[in-house]
Amino acid sequence: MGLKSTIDRYGSMAVSIHWLSAILVLVLIVLGFRAAGTVDPAAKAALLRLHLPIGIAVLVLTALRIVWWWRFDRKPDPIAGSPHWQERAAQAVHILFYVVLLGMIASGIGMMVLSGASPIIFGGQGAALPDFSKYLPRAPHGIGARLLIALVVLHAGAALYHQFGRRDGLLRRMWFGE
């Protein structure tokens, strides 16, 4: 498997970014909802100490992925026999992933900047965490999290449909090996 994609499968760079991003996004979703549901300030700060750097890692991976596709690589051709509407739907879901991820990152940064919570979270000075719901970016961050879950379910469902329903080898294209 080469670094770049071929007409029938993704290259190692795209595969690595995809699966690392997928794992980190799932971790972010779990950490975010756990932090939102935690009333203990120390426990919430501990969860956010993990959530924030992972969010930054997802930002870097997303930017790398966009630059990779834009400047260095091309995506494989569509699976033979796929209906046009499925290809369009897949493109729409991928674009929505980028929009929602970048929106989540922007709203997360906005919450940290507006609330001044970063020194409290990372400084461990025992100061009380702010009530994030009082800051405008909190609502879009929560909506974005739910949209992200819906996109993950839709994306994974489509991949499983291709793998087990159509049996067209779609998942093999986005995995390591020949």
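1. His51 is found in helix H2, where helices (DSSP runs of H or I, at least four residues) and strands (runs of E, at least two) are numbered from the N terminus. His51 is buried, at a relative accessible area of 16%; buried means under 20% relative accessible area, exposed over 50%, and partly exposed in between, with a 1.4 Å probe and protein chains only. Leaving out residues up to four places away in sequence, His51 touches Leu28, Leu31, Gly32 and His141, a contact being heavy atoms within 4.5 Å.

2. Basis of the note. This is a predicted model, in which local features need pLDDT of at least 70 and side-chain atom pairs count only at pLDDT 80 or more, while totals for chains, interfaces and linings use all residues. Residues are numbered from 1 along each chain as its sequence is written, and side-chain values use heavy atoms, with hydrogens and water left out.

3. Overall build. The chain has six helices and zero strands, and its elements run α-α-α-α-α-α from the N terminus on. The C-alpha trace spans about 60 × 30 × 25 Å along its principal axes. Of the 178 residues in the chain, 38% are buried. Among the contacts in the chain with a separation of 6 or more, 71% are between residues 24 or more positions apart.

4. H1 against H2. Helix H1 (residues 12-36) packs on helix H2 (residues 41-72) at an angle of about 150°, the axes being 9 Å apart. Axes are lines fitted to C-alpha atoms, for helices over the stretch in contact, and angles run from 0 to 180 degrees between N-to-C directions. H1 and H2 are therefore roughly antiparallel to each other; angles over 145 degrees count as roughly antiparallel, under 35 as roughly parallel, 65 to 115 as roughly perpendicular and the rest as oblique. The crossing of H1 and H2 is left-handed, that is, the near helix is turned anticlockwise from the far one by less than a right angle, clockwise being right-handed. The residues of this contact divide into 21 nonpolar, five polar and three charged. Here Ala, Val, Leu, Ile, Met, Phe, Trp, Tyr, Cys and Pro count as nonpolar, Asp, Glu, Lys and Arg as charged, and the others, Gly among them, as polar.

5. H3 against H5. The axes of H3 and H5 come within 9 Å and cross at roughly 150°. That makes H3 roughly antiparallel to H5. H3 passes H5 in a left-handed crossing. The contact of H3 with H5 is made up of 15 nonpolar, eight polar and two charged residues.

6. Nonpolar cores. A nonpolar core is a set of buried Ala, Val, Leu, Ile, Met, Phe, Trp, Tyr and Cys residues joined through side-chain atoms within 4.5 Å. The largest has 29 residues, and Leu48, Val58, Ile121 and Leu148 touch the most other members. Two or more residues of this core come from each of H1, H2, H3, helix H4 (118-123) and helix H5 (138-166). H3 gives the largest share, eight residues. Apart from this core lies another, of seven residues, among them Val15, Trp68, Trp69 and Met174. Beyond four places in sequence, Val58 touches Leu24, Val25, Leu28, Leu101 and Ile105.

7. Met112. Met112 is in helix H3 and counts as buried at 11% relative accessibility. Leaving aside neighbours within four places in sequence, Met112 is in contact with Leu52, Ala117, Ser118, Ile121 and Phe132. The C-alpha atoms of Met112 and Ala158, 46 residues apart along the chain, are separated by 35 Å.

8. Gln86 lies in helix H3 (residues 84-115) and is buried, with a relative accessible area of 14%. Its contacts, not counting residues up to four places away in sequence, are Tyr161, His162 and Arg166. Ser82 sits in the loop between H2 and H3 and counts as buried at 15% relative accessibility. Leaving aside neighbours within four places in sequence, Ser82 is in contact with Glu87, His162 and Arg166. Ser82 and Val30 are 52 residues apart in sequence and 34 Å apart in space, C-alpha to C-alpha.

9. Arg167, a backbone point to check. Arg167 has a positive phi of about 55° although it is not a glycine. Most residues other than glycine have a negative phi. Arg167 is placed in the loop between H5 and helix H6 (170-173). Arg167 is exposed, with a relative accessible area of 67%.
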